[in-house]
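Subject: Structure handover

Hello,

Here is the structure I said I would pass on. Please open it alongside this message.

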Amino acid sequence: MSTPVIFDPMTLPSDDNVNAYTFCVELKGSQWFLQKGKMIAYYGRIDFNGIGHGRLDRLVRTSFHSPLHASDWVVAEGSGKMLLADRAFDVNSYDLDEGNLTIRAGNLLAYQPSLALKQSIVPGFLTLIGTGTFVAASNGPVVFMEPPLRVDPQALVGWADCPSPCHHYDHGYLSGVLGGLRSLTGLGGVSGEEHQFEFVGAGTVLLQSTETLMPEQFAGTVPNEPGVPGAGPAGSGHGGPGAGQGGMGGVPRLPGQLGDLQRRFGL
Amino acid sequence: MPFREVNSKMVEATLTPGQRMFSQRGAMLAYRGEVTFTPNLTGGQGGVMSMIGRRVANEAAPLMTVEGSGTVMFGHGGHHIQVIELSGDTLCVEADRLLAFDGTLTQGTLFLGSQGGVMGMVRGQVTGQGLFTTTLQGHGAVAVMAHGGMIELPITPGRPVHVDPQAYVAHHGDVRNKLSTALGWRDMVGRGSGEAFQLELSGSGAVYVQASEEKL
Amino acid sequence: MGGPGAGGPTGSGVPFRRAAGYLRAVATFRLQGSKVLAVDLTGDTVKAKNGSMVAYDGQMAFKKLSGGGEGLRGMVTRRLTGEQMTMMEAKGQGTCFLADRASEINLVALHGDTLYVEASNLLCADGGLRTGTSFTGLRGGASGNGLFTTTLEGSGQAAIMSDGPAVVLRVSPQYPLSVDPGAYIAHQGRLQQSFQSGVTFRTFLGEGGGEAFQIRFEGDGLVYVQPSERNTVAGDV
């Protein structure tokens with residue numbers, strides 16, 4: 001029998017993984033932003049303060065730019081070691097050095113205040129800018145890939161430096177004899193792969209192995225003004241709290257596609 | 001073509017022109033190059049009748065054909081993936097556990113009733129996965145999904161292995177299956193222990209068991 | 001990662017232990033990967049969670065056990081206590097493979113002390129361990145796991161389940177530990193638990209939640225936490 005490793009405050013790693021699913025952050029009078037409910041245990045004296053707490057106003061002003069998303073985050077402050085985990089998904093830390101990385105809002109667990117968190121133009125995603133460390137979860141280890149690449153929307157964790165994430169539709173599917181037949185009768189069904197996110201240019205794309213999304217995190221609404229994607233008429237835009245699919249909300253339904261029902265029957 | 005295991009939940013396949021493979025619909029995670037994904041009107045091989053046959057048989061695994069040249073990453077639902085190499089023998093696998101497989105493999109359905117008689121039919125009822133199992137034969141690779149990873153248990157003559165039908169994933173080799181009961185009827189009424197039915201596999205080969213009683 | 005026969009009765013390899021005054025064979029617990037537990041039995045018994053057997057070879061018999069006794073009355077008792085542990089007893093010669101909903105399995109060795117574990121997280125225990133139920137007070141109510149916890153007492157091995165591999169944390173007088181109720185799965189040793197409020201300030205935007213409060217462990221012992229905040233791995237039914 002292999003005896004399990006027993007950790008105490010001395011043996012826990014500092015700002016490193018305890019195992020693939022648990023990350024340990026050491027606080028020495030410093031601060032970390034933390035998504036609510038992701039702290040599983042801690043040693044030492046650590047205070048958790050909601051964002052909006054008066055004392056933290058200055059910190060929030062420099063590092064937190066997602067105002068309507070604030071209720072999901074707390075600031076951990078003090079000294080000690082705390083363990084972070086998220087639904088038994090793989091957890092990893094990423095270091096940014098004067099860089100930028102955009103990540104699905106639900107995957108981000110925690111970050112150092114030296115990074116600035118902003119809402120991405122792409123609904124449902126958040127962008128981290130600056131120098132520092134952040135911790136993110138993924139279903140299965142994250143796979144890094146270089147563009148050019150087309151990615152299933154649900155497998156996308158995020159991307160770094162890529163200037164051009166865009167939608168790609170399988171044209172061959174939409175047109176042609178078979179496509180026409182399909183749109184007429186609904187028969188023949190969809191392969192489920194008619195639509196991808198396409199990345200070109202220099203950068204890195206982060207992938208996870210899942211087709212079932214982690215519960216979408218509300219990334220905050222955007223100001224309702226002309227020219228802002230996802231803003232739309234009040235209440236109906238995707239990325240709003242009611243849009244369960246979050247970042248996927250903007251995908252138009254293809255002709256001949258009956259959605260869930262059709263998929264279920266495998267037509 | 002062989003699958004490269006990227007990690008425990010993702011495999012990568014390299015496609016060259018003229019080659020094709022089948023995969024479960026919606027299982028593509030990412031691809032590079034010119035690759036097309038066509039939903040199979042025929043649900044694999046064997047024409048429309050075969051598809052209808054499979055529908056009736058409740059062996060409905062929506063498949064798509066993957067063709068072109070490039071690399072494709074497959075994964076599904078965060079399930080663990082195991083690649084099984086076939087060298088001429090036959091693999092029996094529940095259809096909804098197939099993630100992707102070589103187009104060169106011959107696909108068929110096996111009516112388990114014919115193997116296990118009445119009890120074979122009961123087995124289908126118990127697993128809720130139909131009375132038919134997909135068979136794949138030939139030379140090539142199959143990527144199979146399992147909830148929580150799989151273990152491979154060898155079956156040797158004289159040493160049968162008993163498996164919870166819910167945890168059964170696939171088997172290959174010269175294996176006979178039979179449904180046995182380990183508990184009395186009384187225990188099966190009510191929640192039972194879940195161990196009421198067991199699938200007994202004997203012969204020589206291997207059975208793949210997942211670390212869960214959950215169907216996919 | 002041996003075959004099913006690898007850990008069978010090989011004679012010299014069978015561990016013996018003095019228990020209750022006589023020598024008896026002890027089931028050997030082996031992990032196959034992290035989610036399948038192989039138990040080698042040589043005529044002895046283990047208690048295992050109902051329905052957790054995924055495969056076995058050799059001769060094996062399963063008998064249903066239940067918490068509050070047999071029959072309807074026992075069922076009512078179990079409903080009342082919220083203790084939905086229904087265990088079965090496996091007895092025989094051979095190797096039994098146990099797994100439950102792809103949960104990670106953690107082995108715990110008991111040397112005369114007591115392990116407190118949420119009933120739904122107990123996969124398997126040595127037949128020689130005494131099982132009981134203890135009132136957990138408020139914590140159970142908070143984590144939604146019911147007010148009663150299963151206790152295992154004696155010497156032997158147990159296997160507990162977690163959603164993702166558990167992290168074992170030592171609590172000593174100078175290092176108390178705070179744990180999220182949803183991530184707690186088990187503890188052993190001499191520990192006192194109390195409640196503590198975590199987030200000291202809540203924004204008016206959110207309704208709190210998250211780290212609203214934690215369980216604080218003080219004393220001497222081990223606490224098992226899982227990298228997940230789902231309350232029960234196995235669910236209710």
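This is a predicted model: local features need pLDDT of at least 70, side-chain atom pairs count only at pLDDT 80 or more; totals for chains, interfaces and linings use all residues.

Chain A has 267 residues, and 55% of them are buried. Its secondary structure consists of 16 strands and 4 helices. Taking contacts between residues at least 6 apart in sequence, 76% link residues at least 24 apart.

Two domains are assigned in chain A: domain 1 covers 16–139 and domain 2 covers 142–211.

How many residues of each domain are in contact with the other? On the domain 1 side there are 11, and they touch 14 residues of domain 2. The size of an interface is often given as the accessible area lost when the parts come together. For domain 1 and domain 2 of chain A, the area buried between them is about 1,100 Å², and 51% of it lies on carbon and sulfur atoms.

As for specific interactions, 0 salt bridges are counted between the two domains. On the side of domain 1 that touches domain 2, strand E7 (90–104) and strand E10 (125–138) of chain A each supply at least two residues. E7 of chain A gives the most to that side, with 6 residues.

Regards

Conventions: Residues are numbered from 1 along each chain as its sequence is written. Chains are lettered from A and ligands numbered from 1 in the order in which they are written. Side-chain values use heavy atoms; hydrogens and water are left out. Buried means under 20% relative accessible area, exposed over 50%, partly exposed in between (1.4 Å probe, protein chains only). Contact means heavy atoms within 4.5 Å. Domain bounds come from an automatic or database domain assignment. Buried area is the accessible area (1.4 Å probe) that two parts lose on being put together, summed over both. A salt bridge is a side-chain nitrogen of Lys or Arg within 4 Å of a carboxyl oxygen of Asp or Glu.
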